[in-house]
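Below is a short note on side-chain contacts, as numbered points.

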Amino acid sequence: MKRFEISNPGEPGSGLSNIGTISFSNKGDGVKNINYTILGVHREDKSPFKWTWTDGKYITIESDGSDFSKTWIIIENKKKSQKWKSTDGSNLVQTLELEKR
């Protein structure tokens, strides 16, 4: 992951770079290896997941107990990078910037 940011609409966000990796297989599964501390809370996520891609605009991650388990809107989709946005169910907006390696 190139960058991860959490923000409230209209306010500056808290962002981190290079917090780990997300690996996707062509079979609709993958694994996360993520480790970060943001807003004073430490998170570690090394769990497998299932994923689906819908209409070329949405990606859904299904993974028990993971903050990343939700539907994400694909904001940018380039050959070597993607930018996704979602919410935490309240006002916080989460942004992921992914870079293909």
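1. Rings of Phe, Tyr and Trp, with the six-membered ring used for Trp, count as a pair if their centres lie within 6.5 Å. In this predicted model, one aromatic cluster is formed by F4, F24, Y36, F49, W51, F68, W72 and W84.

2. How many aromatic pairs does a search of the whole structure find? The search gives eight. One of them is F24 with F49: the ring centres are 5.3 Å apart and the planes stand at 75°, so this pair is edge-to-face. F24 belongs to strand β3 (residues 20–24) and F49 to strand β6 (residues 48–54), so the contact ties together parts 25 residues apart in sequence. F49 is buried, at 3% relative accessible area, whereas F24 is partly exposed at 34%.

3. Y36 and F68 make another pair, with ring centres 6.4 Å apart; their planes are at 75°, so this pair too is edge-to-face. Y36 sits in strand β4 and F68 in the loop between β7 and β8, so parts 32 residues apart in sequence are tied together. Y36 is buried because its relative accessible area of 7% falls under 20%. F68 is also buried, with a relative accessible area of 3%.

4. Turning to charged groups, the count comes to four salt bridges. Among them is R43 with D67, whose closest N and O atoms are 2.6 Å apart. R43 is in strand β5 and D67 in the loop between β7 (58–62) and β8 (71–77), so this bridge ties together parts 24 residues apart in sequence. Both ends are partly exposed: R43 has a relative accessibility of 37%, and D67 has a relative accessible area of 30%.

5. The closest N and O atoms of D45 and K32 are 3.6 Å apart. This pair links distant parts of the chain, 13 residues apart, with D45 in strand β5 (residues 41–45) and K32 in strand β4 (residues 29–38).

6. E5 and R3 form a further salt bridge, and their closest N and O atoms are 3.3 Å apart. E5 counts as partly exposed at 24% relative accessibility, and R3 counts as partly exposed at 27%.

How values were computed: Residues numbered from 1 in each chain as written. Predicted model: local features only at pLDDT ≥ 70, side-chain atom pairs only at ≥ 80, totals over all residues. Heavy atoms only, no water. Salt bridge = Lys/Arg side-chain N within 4 Å of Asp/Glu carboxyl O. Buried < 20%, exposed > 50% of the residue type's maximum accessible area, 1.4 Å probe, protein only. Helix = DSSP H or I, 4+ residues; strand = E, 2+ residues; numbered from the N terminus. Phe/Tyr/Trp six-rings, centres within 6.5 Å; stacked < 30°, edge-to-face > 60°.
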